[in-house]
Amino acid sequence: MKKNLKYMAFAALAVFSSCTKQLDITPEGSPSAQNFWKTKEDALKAEGGMYEIYNAEDFYGRGMFWFINASDDMVTGRNKPEADNIKNFNRTYVGGGYTETQWSMRYAIIKRANDIITNVPNINMDESLKKQIIGDAYFNAGLVYFQLAANYGSDKAGVPIVKPETDASQPIPRASNVNENYDYIISLLLKAADNLPLFSAMKPADYGKAHKTAAWAYLSKVYLFKKDYANAAKYADMVITSGQHDLVNTGFADVFKASNNWSKEYIWSVVCTPSGGGTGWGSKLPGVMLTNKAWGIYNGWGYYLPTKELYDSYEAGDQRREATILKPGDKFMFFGAERSFTKDGGATSNYQFKKYMEPFSYANPIPTHVNPNGDNGTTDLNVPLMRYAEVLLIKAEAAINLSGAGAGDTELNKIRLRAGLGTKTGMTIGDLKRERRNELAGEWADRHRDLVRWGDAQAAYAKPLHDFDGSVIWPARTFNPQVHDVWAVPQREIDNSAGVIKQNPGW
């Protein structure tokens, strides 16, 4: 932590170009604080620098997704011992490469955000632009703090709170509990919302920067995790009544078309491009989830394959199932030709997630839709982190917890109707759990964390997972709620802090 807090924001400052191009990352060397933070251009470069780490392979490409892979919705698609240890809650994964950098990358963003919050107010520049940049910093800090707190924090200990005024030369101990983190995150997101414009007021060149309803949406989710259902409902309602958002009404599959990157369903995504600067930009998840070697046409990675448990959880007639999952024999378009789905010979499952495949459907999709480099499988589809549908689900969950069965019917029926299902009345928390699973499968919403916070993880993971033909592809696992409710603090952070940061008990 001591080393990570010294990570200066000047290492890779960037400026936004447009919504269709890579955020042009321009190395700026290491200018000192004395000759930086002088102009509007400095402020914009610092703002862009917060997003530079989004391009890291392990940030939104796979990395933290190994934690999501723990759920009953998916299995590790190829032989990966470290990934298997994560999924099986074996402490031998601690210190490995896949997730060890999750902590430091997010604290690097917090450092960059804190530098903006400290220095940009003193720059002589347009006040509305200044306010937006400061709001963006508060939002990014709040977002990555939430990701850290939800994964590593519990009632036993939170994660270190590094404020703009914190002395970066000293290691910072962990917060006393995760609610202390949630309260700080709430304060950051409230400041973000106060400073940020509505998305409809933004220029297309600024799409991908933070906006007001994104801050409200994450406030609702933080309050949901905090089990403050009244405030979760309040901020979800603020998004719902803002007039800024709606469901894509042409069908569930259309949500995952690049042409709908900035639809009204958009709230927060990883901005992606297949060929910006020749390297692509954003999340590699579309390539990571594509069948290994992609039938000899493209370098798919073949990770995170669906289970029969997920497939069978959908109601008959639910259009989300076929839009989410490919199974043997399913027809789909790939590089301009219709194919019948077959798995790679070494795959652990006969299923594949379909949500991120639209860019691969076109004839000659490289480089317009798909990255020429299969080792960096970005596409022109922005990978969603928060959709309007999730806000409706948050509102429904909060309402049911506050007022009982039926209180979330309005929101849940909007989602069901879009999925081609009939409306229902008196829906319970069990209905909510199924709708959340079916709507958000394979996304960053993170079913594993849902199962943990609902208290369902132990029972769910005590059951084996199955393939298309009913064979077991993952044995039952032992989940100890007193240990595995959080992930292990990366060992290098404990070492860097000289032991000031303590490991989560049991890991």
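Helices (H or I, at least four residues) and strands (E, at least two) are DSSP runs, numbered from the N terminus. The views below show a predicted model, in which local features need pLDDT of at least 70, side-chain atom pairs count only at pLDDT 80 or more, and totals for chains, interfaces and linings use all residues. Residues are numbered from 1 along each chain as its sequence is written, and side-chain values use heavy atoms, with hydrogens and water left out.

View 1. Trp216 belongs to helix H9. With a relative accessibility of 15%, this residue counts as buried (buried means under 20% relative accessible area, exposed over 50%, partly exposed in between, for a 1.4 Å probe and protein chains only). Leaving aside residues up to four places away in sequence, Trp216 touches Ala193, Tyr235, Met238, Val239 and Ser242; contact means heavy atoms within 4.5 Å. Trp216 and Asp237 are 21 residues apart along the chain, and their C-alpha atoms are separated by 9.1 Å.

**View 2. Helix H7 beside helix H9.** The axes of H7 (residues 127-152) and H9 come within 11 Å and cross at roughly 25°. Axes are lines fitted to C-alpha atoms, for helices over the stretch in contact, and angles run from 0 to 180 degrees between N-to-C directions. H7 and H9 are therefore roughly parallel to each other (angles under 35 degrees count as roughly parallel, over 145 as roughly antiparallel, 65 to 115 as roughly perpendicular and the rest as oblique). Phe139, Leu143, Phe146 and Ala150 of H7 make the contact with Ala214, Ala215, Tyr218, Lys221, Val222 and Phe225 of H9. By class, the contact of H7 with H9 has nine nonpolar residues, no polar and one charged. Here Ala, Val, Leu, Ile, Met, Phe, Trp, Tyr, Cys and Pro count as nonpolar, Asp, Glu, Lys and Arg as charged, and the others, Gly among them, as polar.

**View 3. Helix H9 against helix H14.** H9 (residues 212-226) and H14 pack at an angle of about 35°, and their axes are 10 Å apart. From H9, the residues in contact are Ala217, Ser220, Lys221 and Leu224, which meet Glu390, Val391, Ile394, Glu397 and Ala398 in H14. This contact of H9 with H14 divides into five nonpolar, one polar and three charged residues.

**View 4. Helices H2 and H6.** The axes of H2 (residues 40-51) and H6 (residues 102-119) come within 9 Å, crossing at roughly 160°. That makes H2 roughly antiparallel to H6. Ala46, Glu47, Gly49 and Met50 in H2 meet Ile109, Arg112, Ala113 and Ile116 in H6. Five nonpolar, one polar and two charged residues form this contact of H2 with H6.

**View 5. Helix H15 and its neighbours.** Helix H15 (residues 409-418) is mostly covered, since seven of its ten residues are buried. The buried residues in H15 are Asp409, Glu411, Leu412, Asn413, Ile415, Arg416 and Arg418. They pack against helix H13 (319-324), strand E10 (383-387), helix H14 (388-403) and helix H16 (429-440). After H15 comes Gly420, with a positive phi near 85°.

View 6. Most residues other than glycine have a negative phi, and most peptide bonds are trans. In the loop between helix H11 (285-289) and strand E5 (305-306) lies Ala294, which has a positive phi of about 45° although it is not a glycine. Ala294 is buried, with a relative accessible area of 0%. Asp446, in the loop between H16 and helix H17 (447-454), is also not a glycine and has a positive phi of about 75°. With 8% relative accessibility, Asp446 counts as buried. A cis peptide bond, with omega of about 0°, joins Ile366 and Pro367. Pro367 is placed in the loop between strand E9 (352-353) and E10.

View 7. The UniProt record, an unreviewed entry, places the feature "domain: SusD-like N-terminal" at residues 96-224. UniProt positions are given in the numbering used here, feature names are shortened, and annotations may be inferred rather than shown by experiment. In the model, the end C-alpha atoms of residues 96-224 lie 31 Å apart, and the span is 58% helix and 0% strand.
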